[in-house]
Amino acid sequence: MRKLISGLFAAMALQSAFAAPLPEVTVYKNPDCGCCTEWAKHMEDAGFKVRLINTRNLEAERARLGIPPQLASCHTAQVGGYIVEGHVPATAVKKMLAEKPALRGLTIPGMPANAPGMGPHIAGTLKVYTLPRAGDGSRLYSVE
Ligand SMILES: [Cu+2]
């Protein structure tokens with residue numbers, strides 16, 4: 001009986017953890033991009049629902065979203081009204097969604113080898129930058 005009750009409590013705790021569902025992540029990527037798909041899996045593993053959109057013209061998406069070339073990576077995502085460019089860890093995305101900062105989004109320019117979807121992520125070594133609103137400079141957002 002005690003086991004049943006603690007099981008019930010565990011189920012209720014689990015349910016409340018899912019009470020506020022994470023927003024869907026839309027990922028624009030080149031159909032041949034393997035590390036982009038790996039990053040999408042990383043986000044799914046972290047609890048996000050992911051929608052992949054294949055395109056051979058990512059430059060057009062970045063231009064539409066106003067991502068300057070120096071802050072660009074291999075794929076571009078939209079989640080909860082924010083832009084996520086490149087291999088940003090789910091921890092940083094969740095932090096942004098919780099804190100709702102006045103930003104357009106986050107980016108990890110290029111493709112660092114220690115980022116999720118690239119290679120083994122070494123905690124505390126990965127710099128995430130802000131995608132500034134027009135006129136602002138990009139700043140360090142967090143180190144993951
Ligand atoms: Cu990549």
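Predicted model: local features only at pLDDT ≥ 70, side-chain atom pairs only at ≥ 80, totals over all residues.

Visitor: How many helices and strands does the protein chain have, and what makes a stretch a helix or a strand?

Guide: The protein chain has four helices and seven strands. Both are DSSP runs, numbered from the N terminus: a helix is a run of H or I of at least four residues, and a strand is a run of E of at least two. From the N terminus on, the order is α-β-α-β-α-β-β-α-β-β-β.

Visitor: Why is Val27 called buried?

Guide: A residue is buried if 20 or more other C-beta atoms lie within 10 Å of its own, exposed if 12 or fewer, and partly exposed in between, with C-beta atoms placed from the backbone. Val27 has 22 C-beta neighbours inside 10 Å, and therefore counts as buried. Val27 lies in strand S1, where four of the five residues are buried, so that S1 is mostly covered.

Visitor: Why does Thr130 count as buried?

Guide: Thr130 has 21 other C-beta atoms within 10 Å, and is therefore buried. Thr130 is found in strand S6. Over the 144 residues of the protein chain, buried residues make up 29%.

Visitor: What makes two residues count as being in contact, and which residues does Val27 contact?

Guide: Two residues are in contact if their C-beta atoms, placed from the backbone, lie within 7 Å. Leaving aside neighbours within four places in sequence, the contacts of Val27 include Cys36, Ala40, Leu52, Ile53 and Ala77. Among those of Thr130, with such neighbours again left aside, are Leu103, Leu106 and Tyr141. Residues 24 or more positions apart account for 50% of the contacts with a separation of 6 or more in the protein chain.

Visitor: What is a nonpolar core, and which residues touch the most other members of the largest one?

Guide: A nonpolar core is a set of buried Ala, Val, Leu, Ile, Met, Phe, Trp, Tyr and Cys residues joined through C-beta atoms within 7 Å. The largest one has 27 residues, of which Val84, Val93, Leu106 and Val128 touch the most other members. At least two residues of this core come from each of S1 (25–29), H2 (34–45), S3 (76–79), S4 (82–85), H4 (90–99) and S6 (127–131). H2 gives the most, with four residues. In soluble globular proteins, nonpolar side chains tend to be buried together.

Visitor: How do you know that the buried residues of H4 line one face of the helix?

Guide: The buried residues of H4 are Ala90, Val93 and Met96. Seen down the axis of H4, they fall within an arc of 120°, so they line one face; the arc is that of the directions from the helix axis to the C-beta atoms. The face turned away from the buried side carries the exposed residues Ala98 and Glu99. An α-helix has 3.6 residues a turn, so residues three or four places apart point the same way.

Visitor: How do you know that S1 and S2 pair, and in which sense?

Guide: Two strands pair if DSSP finds at least two bridges between them. S1 and S2 have five bridges in the parallel sense, and therefore pair. S1 and S3 pair in the antiparallel sense over four bridges, and Val25 stands opposite Val79 in S3. The open sheet of seven strands has the order S2-S1-S3-S4-S5-S6-S7, with mixed pairing. Why are S2 (50–54) and S7 (140–143) its edge strands? Each pairs on one side only.

Visitor: What makes a crossover right-handed, and which elements does the crossover from S1 to S2 involve?

Guide: With the strands pointing away from the viewer, the path from the first strand over the helix to the second must run clockwise. S1 is mostly covered, with four of its five residues buried. The chain crosses from S1 through H2 to S2, and this β-α-β crossover is right-handed.

How values were computed:
Residues numbered from 1 in each chain as written.
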